[in-house]
Amino acid sequence: MVDPSEAKGEGSLRKAFGGVLGFFILLLIGTLAFSIRLFSVIKYESVIHEFDPYFNYRVTQFLTKNGIYDFWNWFDDRTWYPLGRVIGGTVYPGLTLTAGSIWWLLNNLNIPLSVETVCVFTAPIFSANAAWATYLLTKAPAHLFEVKGTGAGLTAAVLLAMVILFLLVFLLISDNQNVPSYISRSVAGSYDNEAVAIFALIFTFYLYIKSSDLKNYTQTLNTGSLFYATLNALSYFYMVCSWGGYTFIINLIPMHVLLCIVTGRYSSRLYIAYAPLVVFGTLLASLVPVVGFNAVMTSEHFASFLVFIIIHVVALVYYIKGILSPKMFKVAMTLIVTIGIAVCGAVLAILIALVASSPTKGWSGRSLSLLDPTYASKYIPIIASVSEHQPPTWPSYFMDINVLAFLVPAGIVACFLPLSDASSFVILYITTSVYFSGVMVRLMLVLAPAACIMSGIALSEAFDVFTRSIKFQLPKLFETPPSDVWQLIGDTNNGTQDELAKVDSKIPTEKSETTVKERPSKKNRKKEKEILEKGKEIKEKGKENVEKVSDKRQNAKKLLVLPLEASAVAILLLIILGAFYVVHCVWAAAEAYSAPSIVLTSHSHDGLHVFDDFREAYAWLKHNTDVDDKVASWWDYGYQTTAMANRTVIVDNNTWNNTHIATVGTAMSSPEKPAWEIFNSLDVKYVLVVFGGFVGYPSDDINKFLWMVRIGGGVFPHIREPDYLRDGQYRIDAQATPTMLNCLMYKLSYYRFVETDGKGFDRVRRTEIGKKHFKLTHFEEVFTTHHWMVRIYKLKPPKNMTRGKSKKKINPKTRTKISYQKNRNKNPWQ
Amino acid sequence: MAKPFAALAIPLFLLSVVSLLSLRCGAFSADRPTDRRLLVLVDDLAIRSSHSLYFSTLQSRGYDLDFKLADDPSLALSQYGQYLYDGLLLFSPSVQRFGGSLDLAGILDFVDAGHDLILAADSSASDLIREISTECGVDFDEAISFQDPAALVIDHTSYAVSETEGDHTLIASDIFIESTTILGDEKIEAPVLFRGIGHSLNAANSLVLKVLSASPAAYSANPATKLSSPPSLTGSAISLVSIVQARNNARVLITGSLDMFSNRFLKSGVQKAGSSIKTQSPLLFSFGTALVLRSEKSGNQQFLTEISKWVFHERGHLKEGECMAQVFLSMNFLVKEYSVEIYEWSGSSWKPYVVDDVQVQFYMMSPYVLKTLSTDKKGLYSTSFKVPDVYGVFQFKVEYERLGYTSLSLSKQIPVRPFRHNEYERFITTAFPYYGASFSTMAAFFIFTVVYLYNK
């Protein structure tokens, strides 16, 4: 934990003390990160959440039951009927394998946990891991401050300050893991790829920093660390296994390398950090079935190869520079540049030709919608229809990162104060992730760790300044002789000088690097920094000018310290700020993000209501239908149906086949008879719709219906969106268009709805429905849950006999007698 | 309790029927599809004696006949959810309303549950009877009969000659359906006597078949009144006897003449007026077509007996036996093997059904493979083929629908998956340059390492 830069008698004791303290603080952070995510288990139950986690859960069950080879070769014939889905080749296996291994390990230790339990608690466990990884990553750019704190001749006051600093940095880091946007994806039960992927992401970044030795200048300074570079590739492999977001890594790291090269910070350490990552990383990535040749074929990965070429050229230039005379070097340089440009031109031409031949320019739809935020809404309604692919609103930033939003700028400033390679990497990270989070709300997840690191640096810097001010003024306060202070300063300087001497002796050759490296520590810097404190909860708002004192070079230099009172108040305020932030995080974890969405609750004047309709419906399907029956529903409910009801579905949340989804969308948008024909051709037996009009559950199928029309109409042009809109307005009341009132989704949602209150008042749309009394001719209702949230219909078989052509009798007497006849044709609306 | 019949015919639409079928024990089962217990509903118990010949042929074939008046208040087809009868003979054309709880829906449910029905109407057919037949897909001549209830089928060319010159409503028809399954192997030589109302069928309705049709010269009108407007039903559009095989293989016979079942028609000889295509003896035919030909006996007996055999599932009932479908890997191709056994009910036992036109589809949204199954003459049909290079959930589908036979619709779902990781070819000849490249690189690297480390 503590930088092992020096080892003197008393110092080593303090170091040990700091180490133990740091260890326990980290332990507490892990515990906190784990336990803050248990709200969902306490408030609801230990259950898998939402949609995708159910698929992951089902896959994990399969893995634990059948072993890894069957998992790898798994062709799932219970989904996407009749196309099926090759699970082994289309799934990111990291999460599944992780949970499966945990389960296997526990079982072998005779701890018989169910697979579900393991799955539920995987995300909290990994968020603790992610907290530790963030600590490590934050330490890298923040090392300068730590060096200051753990410098030679620490007094008790400094130790205290250091402890506070540690505490704060750690609290921040732990908060980082408590940052609501990350909590939202990693509460207990949210068994999704992101749960482990964020850990892998941060850890990969940490290992990259570590392997390029950007922080560690006390050992193997000029060689980098191949060991960490290999670990880095392995960590990258784990990330590739876990989440499609690995492309973020493989683009961000090349960007940083390029930045280092452009700013003249190239070193062999950088090369050692980067080259193995590209080679091993790409090789390993292509071993993951779902990535395969994409690792070298798609545009997402081109940046890494381009930079790979550039770094080799640069390395060559440096090498030639070393062995040739300056004159020769000039000649060689022009030669290399000419050849290099020619080769680059040729490669570029080939690339452009290759890329241009692909309609999406070699990018996947999801990546394109990142680069061009309007892309999805224009071309791929299926991506645009997912709510988590929408851009976030401003309030969601306040909700999700809260105080950090104000601390991040301060952190960025702090990173620039001594701009090291590590801090430039973090700046790059925050900049890109802010952009991405602005495009897609789910990528707030990537922003969260970056924001936390930045805020951690900002807070640590601020505390450093304040505690230092206090430290230098405390002795005066207690009338202690100033010699102590001067001795301290002398010690500090001695230590620094010793250190620098050591460094110098170790790196006599790499001139350029050492200057780069030492520039910040040698120069005397004075910077002013503004910290904006604008927490919602905090009453006092205002700015506070903070003067920060950096390292000193000579004894004669004046100490820039803040007044004691100001420092004390500022520390207090910062602690209050942190406390409010913690309160917000806990509130968000407990209230906003812990709902499993499979069980819903609502508080009303007469107490708590629990809506367990989804599980009720899936249990009904499981117990009352044949095991091979096919159930059609909108794709949102596919994963849950296969996992909970174990019935074959037509489409599910893995939206790999747009046409198939469009077929279901078309059926839902068609009148009864064509819909029946479409479903019958797919061997569908049951149709499941989610209807929230009775209890006011807003994310029901009627609200999603326009997407069904759009997606269906994208493939089958006879479905036209304007047919469902009255003057551009989507409505279901009496003003709705006849197409809308006759489509299957409307009928299945509102069938018999008028019987509930006599008027058919829809609580979600807040209107009376347009068509109240109607009969179904080709479908029959078989099950409706307690709160009408899920309604299951069965396709009626074709009539046993075809009726003749004869018209009905005119004789009313006969007609009234034949009640059967009456029932068959009574439909006042047709 | 026998296995329900429908359980082996896979079609989805039968599933609702399965529940009903499984409740009852009865003759309509996989083991013995022939009906046993029949209910005869009559307007007048006199029919029991006037049509005794027909009933006795049924009884002699082992059926239990239960005669009841159509308006008997104790009338019930089912009790405690179980049907009491396997078949129903509606010999009560004029009934306005059934007794007991039985109504139109009850009759249709009876058929939908897989039971058989013989419906005989005549010129006095009530609305109820007409409604039943309409639901089955048969429209009795209605428009005219509504104004004029006595519309009968009249044929001035192929009427049956009787002692007195009648109104030509007694028709002798010999235009049968060409199917040995329905009408038996033995050819019906004599024309069938018919007196009653005609009906028409919807050409789009594939479930209904015309078994006995009128001659092109026939028309439907009231013989007593003068024809004011052209008759709505004319010529061979008029069907005299029709059969329906419902989607659940329940069979229905509908005829517009109750008299054709009577002893009188069964026993009487037939003289067919005019030029007859079919004669009893080719010799007589050569003497002159204008002559009245006298046959010994009408064809009613044979026709009605044979067709009742069909209706009550003594004939033309198929079932599938063991069905086997498997996929295996052979020479790097997935091969499907499919075999199915098909048996026919002969009235007393199951016999292998031997034809050469049974086809199987390998189906996923559309047929990928369509193959005729080869037979071993013992009822086993089999084939094997290479699986198309598409994976998904395929179905083996046998849709066997032939005239007179119950439809056989089998489907067996089988997923076609990609190769497992260890099912691919281990070494590919075309890849030898790559193997060479990698091994030579490894060797070169080794040599380089040795040279670099020890050569200095």
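Start with a pair of helices in chain A: α20(A) and α26(A) are roughly perpendicular to each other, because their angle falls in the range of 65 to 115 degrees. Keep in mind as you go that this is a predicted model. To find the pair, select residues 394-401 of chain A for α20 and residues 564-592 of chain A for α26; the two pack at about 110°, and their axes are 9 Å apart. Now show side chains. From α20(A), pick A:Phe398, A:Met399 and A:Ile401; from α26(A), pick A:Tyr581, A:His584, A:Trp587, A:Ala588 and A:Ala592, and you have the residues that make the contact. Colour them by class and you'll get seven nonpolar, one polar and no charged.

Stay in chain A for the next pair. Select residues 246-262, which are helix α12, along with residues 302-323, which are helix α15; here the axes come within 9 Å and cross at roughly 25°. That angle makes α12(A) roughly parallel to α15(A). Turn the view and look at the handedness: α12(A) goes past α15(A) in a left-handed crossing. Which residues make the contact? On the α12(A) side, show A:Ile250, A:Asn251, A:Pro254, A:Val257, A:Leu258 and A:Ile261. On the α15(A) side, show A:Ala303, A:Ser304, A:Val307, A:Ile310, A:Ile311 and A:Val314. By class, this contact of α12(A) with α15(A) has 10 nonpolar and two polar residues, with no charged ones.

A:Pro82 sits in the loop that runs between β1 (75-76) and β2 (85-86) of chain A. Then jump to A:Glu50, a residue other than glycine with a positive phi, near 50°. Look for A:Glu50 in the loop between α2 (39-43) and α3 (52-72) of chain A.

Now over to chain B.

Next, select residues 432-454 of chain B. An unreviewed UniProt entry annotates this stretch as "transmembrane region". In the model, residues 432-454 of chain B are 100% helix and 0% strand, and the end C-alpha atoms lie 33 Å apart.

Is the crossing left-handed or right-handed? α3(B) passes α10(B) in a right-handed crossing. Show B:Leu53, B:Tyr54, B:Thr57 and B:Leu58 in α3(B), and you'll see them meet B:Gln301, B:Leu304 and B:Ser308 in α10(B). Sorted by class, the contact of α3(B) with α10(B) has four nonpolar, three polar and no charged residues.

Notes: Residues are numbered from 1 along each chain as its sequence is written. Chains are lettered from A and ligands numbered from 1 in the order in which they are written. This is a predicted model: local features need pLDDT of at least 70, side-chain atom pairs count only at pLDDT 80 or more; totals for chains, interfaces and linings use all residues. Side-chain values use heavy atoms; hydrogens and water are left out. UniProt positions are given in the numbering used here, feature names are shortened, and annotations may be inferred rather than shown by experiment. Helices (H or I, at least four residues) and strands (E, at least two) are DSSP runs, numbered from the N terminus. Axes are lines fitted to C-alpha atoms, for helices over the stretch in contact, and angles run from 0 to 180 degrees between N-to-C directions. Angles under 35 degrees count as roughly parallel, over 145 as roughly antiparallel, 65 to 115 as roughly perpendicular and the rest as oblique. A crossing is left-handed if the near helix is turned anticlockwise from the far one by less than a right angle, and right-handed if clockwise. Contact means heavy atoms within 4.5 Å. Ala, Val, Leu, Ile, Met, Phe, Trp, Tyr, Cys and Pro count as nonpolar, Asp, Glu, Lys and Arg as charged, and the others, Gly among them, as polar.
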